[in-house]
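The following questions and answers examine one residue and its surroundings, step by step. Please consult the sequence and the structure while reading.

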Amino acid sequence: MFSLGFILTFAAAANNDYSVTVGDHTIHYNTFNSSTLQPNIAKAFGIPRSNKIAVLNVVVKKGRKDSAQASVSATATNLNGQMRTINMRKVIDGSAIYYIGDFRFSNEETLKFNIKVTPQGQDRATEIKFSRQFFPG
């Protein structure tokens with residue numbers, strides 16, 4: 001069985017994978033359609049599979065390799081100004097830590113994301129903003 005890490009890494013390579021470095025932390029983030037997940041992986045990690053549900057994935061690394069714990073919150077706003085909170089949850093897969101949240105989208109909907117990440121031991125959040133248009137998978 002593939003680990004969630006493998007699947008999320010694959011999804012990151014297939015979609016828009018972004019990162020930002022703040023101090024000695026690098027924050028990686030991406031979105032992908034949940035229908036791309038294998039059914040057993042989606043079930044194991046509580047991710048609903050649908051061609052109208054996407055996943056926001058955030059990974060915080062300290063240094064080059066070590067996953068770091070963090071406080072992660074996210075919202076998405078459509079072009080009509082309707083904002084939704086994305087409930088992020090921590091998933092531990094071996095030594096890797098992921099923060100994932102799923103959300104519904106409409107066909108060809110563009111969403112503007114606002115992610116706030118505070119790595120453990122830090123007192124200041126890093127704010128990340130990006131947009132992405134979604135299509136059923």
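Q: Which residues does L111 touch, not counting residues up to four places away in sequence?
A: This is a predicted model. Contact here means heavy atoms within 4.5 Å. With residues up to four places away in sequence left out, the residues that L111 touches are A76, T77, N78, R84, F103, F130, S131, R132 and F134.

Q: Is L111 buried or exposed?
A: A residue counts as buried when its relative accessible area is under 20%. The relative accessibility of L111 is 0%, so L111 is classed as buried.

Q: Which residues form the covered face of strand 9?
A: L111 belongs to strand 9, which spans residues 109–119. The uncovered face of this strand holds T110, K112, N114, K116 and T118. The covered face consists of E109, L111, F113, I115, V117 and P119.

Q: How many bridges join strand 5 to strand 9?
A: Strand 5 covers residues 70–78 and runs antiparallel to strand 9. The number of bridges joining strand 5 to strand 9 is nine.

Q: In strand 10, which residue is the bridge partner of E109?
A: Strand 9 and strand 10 (residues 126–134) run antiparallel, joined by nine bridges. The bridge partner of E109 in strand 10 is F134.

Q: Which residue takes a positive phi in the hairpin of strand 9 and strand 10?
A: Six residues lie between the two strands of this hairpin. The positive phi is near 90°, and the residue that takes it is G121.

Definitions and conventions:
Residues are numbered from 1 along each chain as its sequence is written. This is a predicted model: local features need pLDDT of at least 70, side-chain atom pairs count only at pLDDT 80 or more; totals for chains, interfaces and linings use all residues. Side-chain values use heavy atoms; hydrogens and water are left out. Helices (H or I, at least four residues) and strands (E, at least two) are DSSP runs, numbered from the N terminus. Buried means under 20% relative accessible area, exposed over 50%, partly exposed in between (1.4 Å probe, protein chains only). Two strands pair if DSSP finds at least two bridges between them.
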